[in-house]
Amino acid sequence: MIKKFTKRQLLDQYGFTVEEVLVIMEYQKKLPILVENDTIDGFCVNARDLWIQLNKPQGQFTNWTKRKLINKKTKSGLFLFVKNKDYSTITQKCEIANTGGFKEHNEYYLTIDCAKSLSMMENTDNGALCRQYFILMEKAVKKNMKWEFIRYPLREGYKKLQEALDNYMLRTVQRNADKWDYILEAEAINIIATGFKAQDIRNFVGCKDNITRDSLTAIYNEYLMKLQEWDILCLGRNMNRYERYARLKEYFDIFFPNSVLIKNDIDIQKIRENKQKLIQKAKSTY
């Protein structure tokens, strides 16, 4: 369950603009929202938190919920918001100060669409900003779904690639693959997918640690995942390094002819040169 998004996720993985990130980073502190990785549906917005952020319209929370949520009707006389469809109610007990007694009060939890509607009904700058936040959060959840859908298989696929490389080394040179064998294979895949090694990629995307692929968008993780799958097949056929890399480049060019650049202002010729150097270097070792 996601409690909040990080700046790294929003900028690097999901491709939000700096301005959009600022809105999300500010408002997710004020309007905490719990969402599942695989859904945005459900009652995930606390109405009291929203009311506070809207500068407490109607003066009292109960007055506001009665007028804008519970009793609000359309021009045709139908209720605008329906209980258990647009919002849910939870009755809670709270202690009455200095009496030892308790009183009950209602808390309301809203769907995203309901929260957006209530925000716009205030017709204020705060209301517009709240609505923008909820719209961005919906996008963030969907982007998170897509990214995780690719990233998890990519991690698992890399383990399978390591195993395939280990078996290939045992068959061909009678030794296990070591750390440098894994690094060489991963770097080759990075270069074929992006035109650059991991360190260059980290510099391009501003990655502060060594987990390069956690800073890439879903589309690049998809490129890497497919290359790993193809590489496992090549290893299974006992292709040497030159044969594998040449075949991977060929497959990549066929299946992703319009691949996205890791950075818009990169010289395409430089990418081509780096890929060719990779293959030529592999060829010279055999």
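Biologist: Great, what ground rules apply?

Modeller: This is a predicted model, where local features need pLDDT of at least 70 and side-chain atom pairs count only at pLDDT 80 or more, while totals for chains, interfaces and linings use all residues. Residues are numbered from 1 along each chain as its sequence is written, and side-chain values use heavy atoms, with hydrogens and water left out.

Biologist: Ok, helix H7: how many residues does H7 have, and what span does H7 reach?

Modeller: Helix H7 covers residues 179-194, which is 16 residues. From first C-alpha to last it reaches 22 Å, close to the 22 Å expected at 1.5 Å a residue. Helices (H or I, at least four residues) and strands (E, at least two) are DSSP runs numbered from the N terminus, and the expected span is 1.5 Å times one less than the number of residues.

Biologist: And which residues of H7 are buried?

Modeller: Among them are Asp 181, Glu 185, Glu 187, Asn 190 and Thr 194, along with Ile 189, Ile 191 and Ile 192. Buried means under 20% relative accessible area, exposed means over 50%, and partly exposed is in between (1.4 Å probe, protein chains only).

Biologist: Which helices do those buried residues pack against?

Modeller: The buried residues of H7 pack against helix H6 (125-173), helix H8 (198-205), helix H9 (218-236), helix H10 (241-255) and helix H11 (268-284). Contact here means heavy atoms within 4.5 Å.

Biologist: What happens at the start of H7, and what follows H7?

Modeller: At the start, a side-chain oxygen of Asp 178 comes to within 3.1 Å of the backbone nitrogen of Trp 180. Lys 179 has its charged end over the ring of Trp 180, 5.3 Å from the ring centre. That label requires NZ of Lys or CZ of Arg within 6 Å of the ring centre and within 35 degrees of the ring normal. After H7 comes Gly 195, with a positive phi near 95°.

Biologist: Where else does the charged end of a Lys sit over a ring?

Modeller: The charged end of Lys 143 sits over the ring of Phe 16, 5.7 Å from its centre.

Biologist: Switching to aromatics: how many aromatic pairs are there?

Modeller: The count is 15 aromatic pairs. Rings of Phe, Tyr and Trp (its six-membered ring) pair if their centres lie within 6.5 Å, with planes under 30 degrees apart called stacked, over 60 edge-to-face and the rest tilted. Tyr 223 and Phe 252 are edge-to-face, because their ring centres are 5.4 Å apart and their planes stand at 85°. Tyr 223 lies in helix H9 and Phe 252 in helix H10, so this pair ties together parts 29 residues apart in sequence.

Biologist: Are those two buried or exposed, and which cluster are they in?

Modeller: Tyr 223 and Phe 252 are both buried.

Biologist: What about Asn 221, and what is Asn 221 in contact with?

Modeller: Asn 221 lies in helix H9 and counts as buried, at 0% relative accessibility. Leaving aside neighbours within four places in sequence, Asn 221 is in contact with Trp 147, Ile 150, Arg 151, Leu 154, Arg 213 and Leu 216.

Biologist: Last one: how many disulfides?

Modeller: Zero disulfides, where a disulfide is a pair of cysteine sulfur atoms within 2.5 Å. For Cys 44 the nearest cysteine sulfur, that of Cys 114, is 11 Å away. For Cys 130 the nearest is also that of Cys 114, at 13 Å. Cys 130 is buried at 0% relative accessibility, and Cys 44 is buried at 11%.

Methods:
A polar contact is a pair of N or O atoms within 3.5 Å; within protein, one must be able to donate a hydrogen and the other to accept it, and residues adjacent in sequence count only if both atoms are side-chain atoms.
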